[in-house]
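Work through each task before reading its solution.

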Amino acid sequence: MRDRARVVVIGGGAVGASILYHLTQAGVGDCVLLEKDELTAGSTWHAAGNIPTYANSWLGMRAGNYAWSLYKDLAEKVERPITYRHTGAFWPAHSEERMDLFRHLVGLSKTAGFDLSLVTPADMEAKHPFYRAGIGVLGGILDPYEGDIDPSQLTQALAAGARKAGGDIQRFTCVTGLKQTPKGWQVETDKGRIEAEIVVNAAGFYGAQIAKMAGSALPIAVLEHQYLVTEPIAALAEQPALFPLLRDPDLGFYLRREGNALLFGSYGHAGRAAWPDGPPKDFAHQLFPDSVDDILEVLEAAIAHVPLLEEAGARRFVNGPIAYAPDGLPLVGPAFGLKNFYQATGVQIGITHSAAIGKAITEWITEGETEWDLSAWDPRRFGDWADATYARTRAVELYGLQYAIPYPHRILQSARPVQRTPLYERLKSEGAVMGQIGGWERAFWFQRPGVQEDGRLSFGHETWHDAVAAECKAVGQAVGIMDHGGFTKFEVSGPGAARYLDRLFCSALPRPGRVRLSYLLTPKGHLWSEATIARLSEDRFLLCGPTLADRQDFDWLHQALPNDGSVSLGQGYHRDAALLVMGPKSRALLSALTNADLSASAAPWMSLAEIVVAGIPVTALRVSYVGELGWELHLASQDLPTVYEALKAVGAPHGLQPFGSYALNAMRIEKGYHGWGSDFGSEYSPFDSGLERFLDFRKPDFIGRASAEVLRNCDADWTFRCFEIEGSDCDALPGDPVLLEDRPIGYVTSASFGFRCGKRLALGYIRTGTVALGQTVEMEIFGHRYPASCRMPGVYDPENRRLKS
C-alpha cells in the first residue's frame, strides 16, 4: 500500500466513490480511497436507488438534477455497465394544502431552470397502468427526470472512472487513527500509515467515529428504513414497458417497478433509531431484522390505489441503516477547527446527493470555494450542543416528517431546550412561543389575550400573524425589547488587530467609539459573511455576526490570523448576552435607568459606548436591524434578569412590549436588510446584492479585492430588489418566481407582510436590465399570479430618519 497521497478519502460507498471520481476528473490524481470492507458496504449496497430531482429547496433540486445529468451517460464514459431506468415520477396529493405545496414547487423549479409540472388524476392513471387515483386524489406533481439506478453498479462505475484517471482504491483497509501534523495528516490503518495533505471523511454511518479520531464531533444518528420487494407478478411480465415511480406523501409510501416485481418503501411508521452507542465495528453487508407490522398499515392504504399490490407476496424485506443529521441535510464541507479535513457524511439521500457532494468537496479542495452556496449543508452549522442524544432524538422526529408538508413556520419540538438564556422561563411566563436557532431557544412570538398558539399550520394566515402585528406596532410606535440569545460574537485585539481586520473586510474600519457593517469576501469576490464591527478602542474590536455562521466565520477569521502573535481572536465576548431595545421611545426608557447621555449628539447612529444600565455594565451599540431608534445592549448573561426586570419595571409608561424573531424578520424585510443564508451568500457578488457601497477600493488590499475590481467593470448578473405584492393573502416563499411577460426573470429570497407599512413584501433577485424601478411584474405564489411593483429595498422609512433620530 502507498504511504503518501495528496488526498485520502475514507469510505467506499457512493459518496466516497463520487468524491474520488470528481477529484480525479479535476486533475487530482494523487488520491487514495480507503474502505474497511468491500466497496458499497454500509448503506449503499441496500439502497433503493431512486434518483429524485423533486425537492423542497433550490439546492435540493440542483443536487438531484446534477445527479441524473452525471449518471445518465456515466456508463459510456467509464465503460462500465449501470442499470439506470429513466421513468419519471409523480406524487399524488390528497389535500388542497399538498396541492399548494406542489404549485409552489412548480414555481421553484422554474427559477431553478427545471421542469416540474402539475398533473391531474387522469394524467397519473394514464401514465401508470396499475394506478387508480380514486376520489380522494386531487392532483399531483410530475418529476420527469426521476429514475432508479443500481447503487452497486453506480459505485463501481465511479470507482472505475477514478482508477482510470489515476485514483487509488484500497479495500479491506480499516482506518484506526488520525493525527494532524504541520504538513497535513497521518492516517493510520491496519495495513500501515499514509501521510496525506488532505483527508475527507465519507464514512457514512461511521462518520462520527472517523470525525472523533480527528478531534472533531459530528451529530449523526442512524435510523432504520425498510422497503419490501414483492414476488414476481404475472401482470408485470405481460407489461414490460417502464412506468413512473409513484410517491404518495400523504399516505407515506413510494413504489416502483423492480424487474417483474414491485419495490415498496414506507415512511408511515415512527422513526426507529439504531445503535445508541454507535455502530458496531463489523457492520457492513448486514441488515436489521424485518419489521413487517410497520409496513402493513401503509401497504393496505396503498392497495386502494394500486390494487396489483394485493396480488403480490413479499419476496424479501430490506431493513437497513440510514445516516441522518439533526436537520435531515448532509454534513458536507470543512470540519470546524481542523485544517485540510472535510466532512462528507450524514447523507440521508446518499445515492442522489453523492454526485453533488463529489462536486462540492472537489471544488473546496481545488478552488477554495464552491460554485453553489452550500451553507445549508456546512457541517459547522452544528455546535457542541448537538450531541449524539440530540441527533438521535431529532432524527426520529424528522423521520416522521419525511413526507409531511414543509410549512415554513413549523417549530420542531424534540431534543429541546439545549441552549437558553437566563430569561427562558421568564419569557415563557410572558407568553413566548419559543423556537430554536443554532441550538438557542429564542422567542419567536408572544401570545396575548385572544391570540394563543393553536398548533395549526398553514401556508396562509396563522395565529402568530395577529400577535406579530401588535409586536411590530409597539416597536414602531413605542418601544420593544427582545432577548437575542446566541448572538455570534468575536473579540479581536492586539497591536496587529486593525491591520488584520482591514485586510479581511471590504470596508474601511470604524474609528474608536464607532460601529460599521461590513462584509467578508471570498477570493473570487463573492460574499462570505457579514459582521457589525464595533471598535471598542484603537486595538480592540467586537464583531457581531449571524447566529448560524458562528463556526464558519470563526474558521474564516482564524485561518487568516498572522503568525507573529500580534492578534488575539476570541470566539465569544465576555458580555455574551444581548438585549435589543428598539422603538421611538427607547431613548426615554433607557434614560430612566442610566446616567449616560443618550442624546442624538452624544450617542449618534452607528456609535457605541460603555455605559451602566440599572447598575450593570453594558456595551451599548446604537444600531438597529428593525429600522427604528434603538440600542443593542451587550451584557453578561448573569446580568440579563437584572436589566430585563428593571426595564420592565419602568417600561409601562413608555408602552414597552416584548417582541420575537418573527417580528424582527418582518421589520428587517420592510427595511430591505439582507439576511445571511437567504438574501446573500457565496453565490452572489456585492454588485449582485446591491452591497457595492460597502466596497472601499481606496484600500490597497483586502481579500477578494482583485476579483471585485474585475466585477466592478462588468454588468452584474443580478439586481437585488423589493417587491410590493398586490392581492395575495399569502406570503411568497423562497424560490417563488418573478415573471415578466410569462418569462421567469428572478426569484424571491425572503418575504413577509410589512406590519408597519401595511404592504405584503418580498425581497429577491431579478436579471439585471430586465425591469425598471416602479415597473409592475408578476409574482407566482402557490400557482397564482399577482401584480408586484419593483422597488428599491427599504420601503419603510427609506431616508432612515427614524434610525437617526
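**Exercise 1.** State the volume of the largest cavity and describe its lining.

*Solution.* The model is predicted. In this model, the largest cavity has a volume of about 150 Å³. Next, consider the residues around this cavity: the lining consists of 16 residues. Nearest the centre of the cavity lie Asp373, Leu374, Ser375, Trp528 and Ser682. Finally, sort the lining by class: seven residues are nonpolar, six are polar and three are charged.

**Exercise 2.** Determine which elements give two or more residues to the lining of the second largest cavity.

*Solution.* Begin with the volume, which is about 50 Å³ for the second largest cavity. The residues that line this cavity are Phe490, Phe505, Leu520, Glu530, Ala531, Leu543, Cys544, Gly545, Asp553 and Leu557. Two or more of the lining residues come from each of β26 (527–537), β27 (540–545) and α15 (550–559). The most is given by β27, with three residues. By class, the lining comprises seven nonpolar residues, one polar residue and two charged residues.

**Exercise 3.** Identify the buried residues of helix α14 (residues 497–504) and explain why they lie on the same side of α14.

*Solution.* A residue counts as buried when its relative accessible area is under 20%. In α14, the buried residues are Ala497, Ala498, Tyr500, Leu501 and Leu504. These residues lie on the same side of α14 because they cover an arc of only 160° around the axis.

Key: Residues numbered from 1 in each chain as written. Predicted model: local features only at pLDDT ≥ 70, side-chain atom pairs only at ≥ 80, totals over all residues. Heavy atoms only, no water. 1 Å grid on protein atoms, 1.4 Å probe; cavity = no way out; pocket = protein on both sides within 12 Å on 5 of 7 lines; lining within 4 Å. Points joined across faces, edges and corners; volume = space filled by probe spheres on them. Nonpolar A, V, L, I, M, F, W, Y, C, P; charged D, E, K, R; others polar. Helix = DSSP H or I, 4+ residues; strand = E, 2+ residues; numbered from the N terminus. Buried < 20%, exposed > 50% of the residue type's maximum accessible area, 1.4 Å probe, protein only. Arc of directions from axis to C-beta.
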